Amino acid sequence: MSVFKDAGHLFRFAGLFVLAFLVFLVVRHYVVPKSFGEYGHYRGAAMGEIAAHPAKFAGHDTCEACHSDVADKKSKGKHAHVNCEACHGALFQRLPNPEQPRPNLYKRFVALIIPPAPPDSPLLRHAEDPSSVKPEMPDTAVLCARCHTASAAKPKGFPQVAPADHSNGVPCETCHQPHNPAIDAGGAK
Amino acid sequence: MNGVEGYMYPNEITLYWSVLIVLYPYITGLVAGAFILASLERVFRVEAVKPTYRLALLTALAFLLVAPLPLVLHLGHPFRSPEMYFTPHSTSAMAMFGYVYMWYLMAVLVFEIWLDYRREIVLLSQSSTGLLRLIYKVMTLGSTNISPRSLAIDERVGWIVTLIGIPSAFLLHGYVGFIFGSIKANPWWSSPLMPVVFIFSAMVSGIAGVMLLYMGINKLRKQAIDMRCVDTIAMYMFYIYIIDFSLEMLDLVHRIYEANESFNSLNFMVHTKLYFSQIVLQICLGTITPLVLLFLTQVVKLPEIARKYMYVISGCLALIGVLAMRWNVVIGGQLFSKSFLGYTTYKMALATKEGLIVAIFLTLLPLLFLWVLVKLLPPWPEKSAPAPAAAD
């Protein structure tokens with residue numbers, strides 16, 4: 001069978017492909033998480049891990065339990081459907097657990113390249129400890145402009161201003177009470 | 001906001017696809033073009049371009065080895081890139097690139113080069129010494145059979161591999177165009193002509209690249225340039241460039257005539273932000289000038305030295321023109337808002353992961369790889385061939 005003898009090198013090259021494919025399958029077996037593809041093209045166990053994250057937002061019901069006067073004022077104005085934490089920030093964040101297990105070698109290596117997010121501020125635990133932790137008052141000159149700066153993409157009926165021309169740096173709350181912003185509802189003064 | 005005119009959606013202000021994503025289709029295009037040039041000799045029997053056959057294959061391999069690097073550097077988590085292979089996503093064109101790339105690298109280019117060089121590899125594994133001997137021995141895969149019959153089998157199999165390689169080269173680069181052409185949300189990209197334009201411009205850049213390399217290397221080696229070979233390459237480059245230019249103009253005329261809701265925005269961009277890179281660099285300097293020069297070499301009987309200069313100038317301009325085309329597609333497609341109400345600016349960083357220095361390094365890296373490959377597998381005829389050893 002001289003054809004096979006003279007084509008022997010081709011079988012060697014093909015053997016290299018087969019070997020590479022087998023190595024690929026073995027590596028794949030070890031590196032692909034067991035729960036991958038359980039629900040879709042992602043790691044199924046990630047669902048449970050994400051669900052186990054502690055809540056960061058207390059929810060407006062929690063705020064209104066103590067701040068009923070503000071809730072009452074807000075319900076009469078244009079901001080009735082804006083949640084408290086949309087402006088005041090998430091108020092149920094917890095400090096990192098000191099008993100958290102040490103991250104594995106890979107996560108520590110990745111952290112060298114991509115710095116992890118800073119830990120949550122203790123000031124944001126107001127909902128957990130309302131008497132001793134007071135959140136900072138938002139700066140209305142910055143906060144209001146986030147939604148109300150004029151833009152061609154916003155609906156025409158939405159109140160929009162060019163902040164520099166409109167207030168010339170004067171904080172918005174001087175004229176508009178943030179919880180009920182109409183001028184006739186009274187500013188903070 | 002600095003660099004923003006009118007209204008941009010928040011996710012459009014910063015360009016996510018940087019200069020590295022410009023380099024990726026450019027480098028891939030050089031691979032496809034170089035391979036098509038090699039196939040002219042192997043499949044279409046254009047004997048005149050034979051002196052560039054092996055150089056074209058090595059050039060394609062050198063550039064293909066670098067092709068995925070811009071993509072990997074662009075990733076936020078580069079270490080996750082192998083997951084593309086481990087968990088293939090069959091409905092994502094972008095995710096399947098790894099397989100297209102691997103097919104082209106291993107089943108087409110490496111296999112064809114190995115078959116073509118097998119005789120030399122076996123001879124060099126017997127005549128060289130030290131580390132080189134070990135490298136050549138590994139490359140033989142343990143087979144030293146270079147009998148006329150086995151070499152005839154290599155020739156036949158190599159022809160079949162090249163035949164498969166042509167649609168594979170079209171697939172590789174057509175795929176790159178497809179990635180852009182299939183993004184229906186972006187009117188600058190969304191066009192079924194995109195893969196075709198990419199393939200033809202790739203052929204132009206690949207052929208120009210190999211032609212310049214062939215002339216440059218021969219100059220450095222103080223060897224005579226085979227003018228019949230260079231004339232033939234320039235002729236093919238001229239014909240393919242005409243097709244490429246016609247397709248690009250067809251796309252332009254189609255957009256102007258259709259004048260859909262995106263037209264004013266795109267028209268404004270071509271006349272302002274992309275004026276230099278599109279009108280000046282891509283069309284005038286990078287396409288019309290080389291076409292005129294190549295046309296002159298085809299219709300006027302010019303002396304050899306004049307033809308050489310004209311080929312070098314048109315080759316360099318074609319490479320600049322195709323790079324400008326990639327720039328205009330990738331960067332241009334991100335400069336305008338999909339609301340058609342505003343424009344942003346791309347400011348290239350200098351010394352960052354996706355900056356200018358890295359881009360220059362990645363452009364030069366294939367030349368370093370090519371130098372190593374040429375040292376290892378010389379693409380020119382042997383000066384004094386060592387006597388063939390006995391077959392095993």
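What does chain A average in pLDDT, and what percentage of its residues score at least 70? This is a predicted model, in which local features need a pLDDT of at least 70, side-chain atom pairs count only at pLDDT 80 or more, and totals for chains, interfaces and linings use all residues. Residues are numbered from 1 along each chain as its sequence is written, while chains are lettered from A and ligands numbered from 1 in the order in which they are written.

Chain A averages a pLDDT (the predictor's confidence in each residue, from 0 to 100) of 84, and 87% of its residues score at least 70.

On the fold side, chain A has 9 helices and 0 strands; helices (H or I, at least four residues) and strands (E, at least two) are DSSP runs, numbered from the N terminus. Of the 189 residues in chain A, 11% are buried; a residue is buried if 20 or more other C-beta atoms lie within 10 Å of its own, exposed if 12 or fewer, and partly exposed in between, with C-beta atoms placed from the backbone.

Most residues other than glycine have a negative phi. B:R45, not a glycine, has a positive phi of about 55° and sits in the loop between α1 (19–42) and α2 (53–66) of chain B. B:R45 is exposed, with 8 other C-beta atoms within 10 Å. B:A259 also has a positive phi, near 40°, and is found in the loop between α9 (227–258) and α10 (263–271) of chain B. B:A259 counts as exposed, because it has 11 C-beta neighbours inside 10 Å.
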